[in-house]
Amino acid sequence: MKKENVEKAYLLAKELYAELGVNTDEVLQKMKDVNISLHCWQTDDVGGFETADGELSGGIQATGNYPGKATTIEQMRADLEKVLSLLPGKQRLNLHAIYGDFQGEKVDRDEIEVKHFQSWIDWCKAQGIGMDFNATCFSHDRAADGFTLSSKNEENRRFWVEHVKRCRAISAEAGKQLGTPCVHNTWIPDGSKDVPVDRNGHRVLLKKSLDEAMAIDYPKEHMKDAVESKLFGIGVESMTVGSHDFYLGYAIKNNKLICLDNGHFHPTEQVGDKISACLQFLDEVLLHVTRPIRWDSDHVVTLNEDVQLIASEIVRNNFLSRVNIGLDFFDASINRIGAYVVGTRAAQKAFMIAMLEPTSKLIQYEEAGHNFERLALLEELKTKPFGAVWDYYCLQEGVAVGEDYIAEIQQYEKEFLEKR
Ligand SMILES: C[C@H](O)[C@H](O)[C@@H](O)C(=O)CO
Ligand SMILES: [Mn+2]
């Protein structure tokens, strides 16, 4: 896009938003507080580096076979660097435990150590970004019967407890070295395809395992624990041990973060509505922003009403410092770098739109019972020149403006992805 046109459009947009009492220059500043954690697993369809042909299990699926996925740590880092170069603002890296720098060695999940992730910590330092981390409690023989931390097989349960313990220690070290707390998220696939009888038994075990795995308290400046709930997964349709009720209770009682993944609820439930509810009782939450289509399909995030409500609720209530924003999608059917850029930019746009809202005016209408006026203004806001502010933000940040990133990604595909 032509620089002069982007600047001209911004100046006009600035005046139009000023008429509503919104200062766009301040919004551009505030966008610095929106730091999105990039989930590494979009680079390779949740494959990881433990084995060359690691099969994805646990009721999640990456569908598609688009060429060019990362198969080595070097390719993954190159892809992530390309993605970072196309995004305005500052991001973080969200790493799963299966992505260790194992140097061809077979390291089981109960054996991982900081040394296997030191090169990632160094990479984050070189990029000037923070790191988040996840235990990987799926795609493993010891999860083959569908249970991990809530397993009745004591040997397996202990194995997964050890894994989570080690992941927390790695997280704490990453946070310490990088000078920004590492959010460690625990998601397990445990559940039952058909109607189970002993739901309680598994939940007792899950609680016990979490208590054991989280027995060590690390400084909050180094790491924070999150637990991620889910309604159901593929092949786990009848009961999920780590349901929302279970984890919300656990998080409140133990001062942990709840991870809200907007693909993990009934389609008529909105995560945007849950944020202010959870934050009455918790210090912080973690988000996995995704796009579920009919199920937890993890499509690339787009600028839709669900994502907008999430962003608006955070901005309206000044919750940015209490909400850790992560993404969770993995689309193997399109260019994977493109998927990241579209999805992350969509989430960022939702935050910018939220910041361009004259919230106090809307609340005035609401409190006065002027609900037609509230509805009308909300509708009018949808067609205000948000795009001009967004394009100018990208220009200011020195990244591709508007659709210009399409050509950059096509070029990267030709130069690198097609040769893999
Ligand atoms: C790979 C992730 O940990 C996983 O997607 C998890 O966060 C989830 O959402 C499972 O449905
Ligand atoms: Mn998730």
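## Confidence

The model is predicted, not experimental. Mean pLDDT for the chain is 97. Of its residues, 100% reach 70 or more. For the complex, the predictor gives an ipTM of 0.99. The pTM is 0.98.

## Two domains

The chain is divided into two parts. Domain 1 covers 1-22 + 358-420, and domain 2 covers 34-355. Domain 1 is therefore written as two stretches of sequence, by the automatic or database assignment that sets the bounds. The C-alpha centres of the two domains lie 29 Å apart.

The domains touch. Domain 1 puts 18 residues into the contact, and domain 2 puts in 19 residues. On the domain 1 side, two elements give two or more residues each: helix H13 (386-397) and helix H14 (404-415). H13 gives the most to that side, with six residues. By type, the domain 1 side divides into 12 nonpolar, one polar and five charged residues.

## The nonpolar core

How many residues does the largest nonpolar core have? It has 115 residues. Those with the most contacts inside this core are Met 131, Ile 258, Met 352 and Val 389. Helix H10 (residues 336-355) gives the most to the core, with 12 residues. Why does the core lie between the domains? Domain 1 (1-22 + 358-420) and domain 2 (34-355) both give residues to it, so the core lies between them.

Take Ile 258 as an example from this core. Leave aside its neighbours within four places in sequence. Ile 258 is then in contact with Ala 226, Val 227, Tyr 247, Leu 248, Ala 251, Cys 278, Leu 282 and Val 285.

## Around the ligand

Which residues are around ligand 1? They are Trp 41, Val 46, Ile 60, Asn 134, Trp 187, Glu 228, Lys 230, Asp 261, His 288, Asp 296 and Asp 328. This shell divides into four nonpolar, two polar and five charged residues.

Cys 167 is found in helix H5 (residues 154-178). Is Cys 167 buried or exposed? It has 26 C-beta neighbours inside 10 Å, so it counts as buried. Its contacts include no residue up to four places away, by the way they are counted. They are Ala 97, Phe 133, Ala 135 and His 184.

Cys 167 and Asn 134 are 33 residues apart in sequence. In space they are 7.0 Å apart, C-alpha to C-alpha.

## Two positive phi angles

Asn 255 is not a glycine, yet it has a positive phi of about 55°. This residue sits in the loop between helix H7 (244-254) and strand E8 (257-261). Asn 255 is partly exposed, because 13 other C-beta atoms lie within 10 Å.

Asp 298 is not a glycine either, and its phi is positive at about 55°. Where is Asp 298 placed? It is in strand E11 (residues 295-299). Asp 298 is buried, because 26 other C-beta atoms lie within 10 Å. The cut-off for buried is 20 or more.

Methods
Residues numbered from 1 in each chain as written. Chains lettered and ligands numbered in written order. Predicted model: local features only at pLDDT ≥ 70, side-chain atom pairs only at ≥ 80, totals over all residues. Near = placed C-beta within 6 Å. Nonpolar A, V, L, I, M, F, W, Y, C, P; charged D, E, K, R; others polar. pLDDT = per-residue confidence, 0-100. Core = buried A, V, L, I, M, F, W, Y, C linked by C-beta atoms within 7 Å. Buried ≥ 20, exposed ≤ 12 C-beta atoms within 10 Å, placed from the backbone. Helix = DSSP H or I, 4+ residues; strand = E, 2+ residues; numbered from the N terminus. Contact = placed C-beta atoms within 7 Å.
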